[in-house]
Amino acid sequence: LAATLKESLKTDERDFVNPWSNEDKAAILQKSRCFGETPIDAQKCLELLTRVLYILQQGEKFTPDEFQGLFFGVTKLFQTTNSRLRRM
């Protein structure tokens, strides 16, 4: 029974495709302009924030200028009435 479960888990891991594995830093930085759009698309911003956190967790390095641009873009989200965005 344990061997069957172990084989099933290996099969599941092989079949898993990471939806963000093809994302690169430049594409994400380009998309970060959505933080300054009016009106703010909350869903788009939440997805982008999740991608930023993902690539940071993967060990991607940002330059100080890139971090500064992201920081000031994200601070604009605190002005929105969307509570999910303010919590992120």
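Modeller: Let us begin with Pro 39, which is placed in the loop between α2 and α3. Helices (H or I, at least four residues) and strands (E, at least two) are DSSP runs, numbered from the N terminus. The model is predicted, so local features need pLDDT of at least 70 and side-chain atom pairs pLDDT 80 or more, while totals for chains, interfaces and linings use all residues. Residues are numbered from 1 along each chain as its sequence is written, and side-chain values use heavy atoms, with hydrogens and water left out.

Biologist: Is the peptide bond that joins Thr 38 and Pro 39 cis or trans?

Modeller: That bond is cis, with omega at about -5 degrees. Ser 32 also lies in the loop between α2 and α3. With a relative accessible area of 15%, Ser 32 is buried, where buried means under 20%, exposed over 50% and partly exposed in between (1.4 Å probe, protein chains only). Beyond residues up to four places away in sequence, Ser 32 touches Leu 48 and Leu 70; contact means heavy atoms within 4.5 Å.

Biologist: How many disulfides does the structure hold?

Modeller: A disulfide is a covalent bond between the sulfur atoms of two cysteines; the criterion here is a pair of cysteine sulfur atoms within 2.5 Å. The structure holds zero.

Biologist: How does one check the length of helix α3?

Modeller: The expected span is 1.5 Å times one less than the number of residues. For the 16 residues of α3 (residues 42–57) this gives 22 Å, and the end C-alpha atoms are 22 Å apart, so the two agree. After α3 comes Gly 59, whose phi is positive, near 100 degrees.

Biologist: Which elements do the buried residues of α3 pack against?

Modeller: Residues three or four places apart in an α-helix point the same way, because there are 3.6 residues a turn. The buried residues of α3 include Cys 45, Leu 48, Leu 49, Val 52 and Ile 55. The packing partners are α2 (25–31), α4 (64–75) and α5 (83–87). In helix α2 one finds Lys 31, which is partly exposed at 39% relative accessibility. Leaving aside neighbours within four places in sequence, Lys 31 is in contact with Glu 23, Leu 48 and Arg 51.

Biologist: What is the volume of the largest pocket?

Modeller: On a 1 Å grid over the protein atoms alone, a pocket is an open set of points where a 1.4 Å probe fits, with protein on both sides within 12 Å along at least five of seven lines; lining residues have an atom within 4 Å of a point. The largest pocket has a volume of about 260 Å³. Its lining includes Phe 35, Leu 49, Phe 67, Phe 71, Phe 78 and Met 88. The elements that give two or more residues to this lining are α3 and α4, and the largest share, five residues, comes from α4.

Terms used: Grid points are joined across faces, edges and corners, and a volume is the space filled by probe spheres set on the points.
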